[in-house]
Amino acid sequence: MPVDFLPLFVYLLLVVAIGAGGIVGLSRLIGPRRDTAEKLSPYECGVPPVGDAREKFPMRYYVIGMLFILFDVEIIFLYPWAVIYKNLNEHFGLLALAEMAIFVLVLLVGYLYVWRKGALEWE
Amino acid sequence: MTEPWRSLVVIVGVLAIALLVIMAQVWLERRIIARWQDRRGPNRVGPFGLLQLIADVIKLFTKEDWTPPFADRPVFVLAPAVVMTAGMMSFAVIPFAPTIGIVDLNIGLLFFLAMSSMGVYSVVLGGWASNSKYSLLGGMRAAAQMLSYEVFMGLSLAGVVALAGSFSLRDIVEAQRHGWFIVPQALGFVVFLIAGIAETHRLPFDLPEAESELVAGYHTEYSSMKFGMFFVGEYVGIALVSAMITTLFLGGWLGPWLPPLAWFGIKTFFFMCFFYLMRGSLPRPRYDQLMAYGWKLMLPLAMLNLLVTGAFLAAR
């Protein structure tokens, strides 16, 4: 049975209208506008800023990003199993559990490898 | 009342009550934490300081809405709108009572996970667009933290899905008629709760905006209602995670004597207060401790929970 998505879209429109349009727009209209020299520079605790903010930053963040994608994709593969697990269990018995255990085991090997390689250390 | 009109009333009602609860939370949190810390909290404006929240909103509106000239303008404006929209959208799939809920998606749980992932964009975009060092640091920290904790947030829910055999939140609540999932899923519950706190970056996991080292993190350069959106977004997150815990682990609207909506409200309120208690009592960990905690402890625990749930269901 297809779900009626209309309420969701109406709700989305209202949220966007209130959130983006109403609140951010309204404070632009009401608020004062006074530019001073100090306001024109990024806040660095009162000290004149040095250089640009967009510089190199540690590789660690990329590693975490890649690990996230790997593990999240594997979890997405676990969801279909989870949702029909009761059904599987009736028809295939322990095989359904064993399938998942093997999958998690493979995941675990990758996880231990990542750990041993030191990708989880934050130095 | 015909069906479309009823639907519209529910939509507007949910939106209005959600916004009211979220604003009231700001006042409630300040009062409750003040009690725990032997202070009084806001008590001057109106009875019990209740009008404080209206005063705060008026103040935020009348402040200068300032977009820094050094910032990336479109992204800078987009980021606070995303945090609010993504947070509020998740309320659409939550069943508040047997007949009250905006939409009953058959993939409700996935919708919630998707929307909570959207929250990551707002902090990264906000931090990057500000072009300020504190903002960038806060944004990157927030991104790494939220990504890490999202991994096992998703994994901890697989147990609930296996027990209920459905992604629909309504079906999950109905499946708890003969026992709340907090009992068979105690481990999953703890993992989800911790992940939820980290996702909303509340204390003790508020490293992205640790004021003692990063000023205000990713929203350092924001002012007026744009800052207000980030601020409100945090409380949207608290209300949302509390409501999700109630739905997934505590049987949602189920309960004796009282009407369903009241049960839902009581359970959600309890977890909101738990969030405040965490803020009032726990210190902030170091960033490397936070990441190690997530990847080295919570992820294996979430995997273990899944295996145990599978074995438990097979043995039954």
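**Exercise 1.** State how many residues line the largest cavity and which lie nearest its centre.

*Solution.* Step 1: the lining holds 23 residues, and Gly119(B), Glu199(B), Thr200(B), Gly233(B) and Gly237(B) lie nearest the centre. A cavity is a set of points, on a 1 Å grid over the protein atoms alone, where a 1.4 Å probe fits but cannot get out; lining residues have an atom within 4 Å of a point.

Step 2: helices H3 (73-89), H4 (108-129), H5 (133-164) and H9 (224-249) of chain B each give two or more residues to this lining. H9(B) supplies the largest share, seven residues. Helices are DSSP runs (H or I, at least four residues), numbered from the N terminus.

The model is predicted: local features need pLDDT of at least 70 and side-chain atom pairs pLDDT 80 or more, while totals for chains, interfaces and linings use all residues. Residues are numbered from 1 along each chain, chains are lettered from A in the order written, and side-chain values use heavy atoms, without hydrogens and water.

**Exercise 2.** Find the volume of the largest cavity.

*Solution.* The volume is about 300 Å³, taken as the space filled by probe spheres set on the grid points. A search of the whole structure finds one cavity of 30 Å³ or more.

**Exercise 3.** Describe the build of chain B.

*Solution.* Step 1: chain B has 11 helices and zero strands. Step 2: its radius of gyration, over C-alpha atoms, is 20 Å, close to the 20 Å from the globule rule for 316 residues, so chain B is as compact as a globular protein of that length. The rule is 2.2 Å times the number of residues to the power 0.38. Step 3: 62% of the 316 residues are buried (under 20% relative accessible area, 1.4 Å probe, protein chains only).

How values were computed
On a 1 Å grid over the protein atoms alone, a cavity is a set of points where a 1.4 Å probe fits but cannot get out, and a pocket is an open set with protein on both sides within 12 Å along at least five of seven lines; lining residues have an atom within 4 Å of a point. Buried means under 20% relative accessible area, exposed over 50%, partly exposed in between (1.4 Å probe, protein chains only).
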